[in-house]
Amino acid sequence: MASRLLRVLDAFSAARPELSLADISRTTGLPSATLYRLLRELTDHGAIQRTSTGRYAVGLRLWEIGRLAPAVSRLDEVAVPYLAALYEATHGASHLAVPLGAEALCVVAISGLQTVQPVLPAGARVPLESPGIGRVLLAYASPDVLAEVLEGGGRSTYRIRQELVEIRRSGVAVTGVGSRSFSVAAPLVGPHGAVMAAVSVAVRTTGDSLVLIRMVRRAAARISRELGTSADAAVPGL
C-alpha cells in the first residue's frame, strides 16, 4: 500500500506540477480504479489537492512535512537572508541547492522581473554535471557519485574533471565568462566539514566579475560559519 502511495507522489515534479488521472495512471502503471482510491485517500489527508480545472497537484500538507527536513529547514533559516542580500546587491537570480544523488535540488530561488533567464525554480532538479551550482556540488561529491556522473570517460568528461580540480582549488564555480550572462556558485560547509549545499548568483554580464566572486564567496563563508563549520573545515577561497 505504502509503495503505491509513493508511486503516486513520485509522478509529480517541477516540470509536471499538475496531472490528470490519466497522466498519473500512465506514469505509475496503476489501474484507474486503484488510483482513484489512492488519490482520494491522499486528498483527504491534504497530501494531494484538486485544482480549479479538476487536475491533481501536491497538497499543502505535504509541503509542510517537507519543510521539516532538518537540512532544508536549517539551511532556509540561515541562508535566505544572505540570498536576499545578494539579490538586492546584484538584481541577479540567487539560488540555494542541495545534492540529491546525481542531481542538485533547488530549495530556494530569489529573482526579479529583470533577472537573467531562465531562472531555476524552487523544487527543480539539475544534473550535477551542469554548469554553475550543479558543478560546484559535483566538485565535492563522494567518490561513488563522481564515478556515477562521470562514467564513460571521453573528452567532455576529461574537461569536467579539470574544471572540478579548479573549483576545489578556488572554492567557486564560475560560468559564462565573456558571454551575455555570468554566474558564480560556492559551496556551503556543514558542522562536520562536509559540503552540504551551494549558493549561486547569475547576473547579466558585468565588467568586474571579481566583485561578484568576492560577494558570493563572502556570503558562502558567512552561511557556513552560521551552520557551524570550523575554520579548519573551510573550503579554499572561503
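Which residues have the most contacts inside the largest nonpolar core? They are Leu96, Leu188 and Val199, in a core of 29 residues. A nonpolar core here is a set of buried Ala, Val, Leu, Ile, Met, Phe, Trp, Tyr and Cys residues joined through side-chain atoms within 4.5 Å, and buried means under 20% relative accessible area, with exposed over 50% and partly exposed in between (1.4 Å probe, protein chains only).

Before going on, note that this is a predicted model: local features need pLDDT of at least 70, side-chain atom pairs count only at pLDDT 80 or more, and totals for chains, interfaces and linings use all residues. Residues are numbered from 1 along each chain as its sequence is written, and side-chain values use heavy atoms, leaving out hydrogens and water.

Back to that core: the elements giving it two or more residues include strands S4 (93-100) and S8 (181-189), while H9 gives the largest share, eight residues. Helices (H or I, at least four residues) and strands (E, at least two) are DSSP runs, numbered from the N terminus. Apart from this core lies another, of 24 residues, with Ala97 and Ile167 among them.

Now look at Val8, in helix H1 (residues 2-10). Val8 is buried, at a relative accessible area of 0%. Beyond its neighbours within four places in sequence, Val8 is in contact (heavy atoms within 4.5 Å) with residues including Ile24, Leu35 and Leu42.

As for confidence, pLDDT is the predictor's own score for each residue, from 0 to 100. The protein chain has a mean of 87, and 90% of its residues reach 70 or more.
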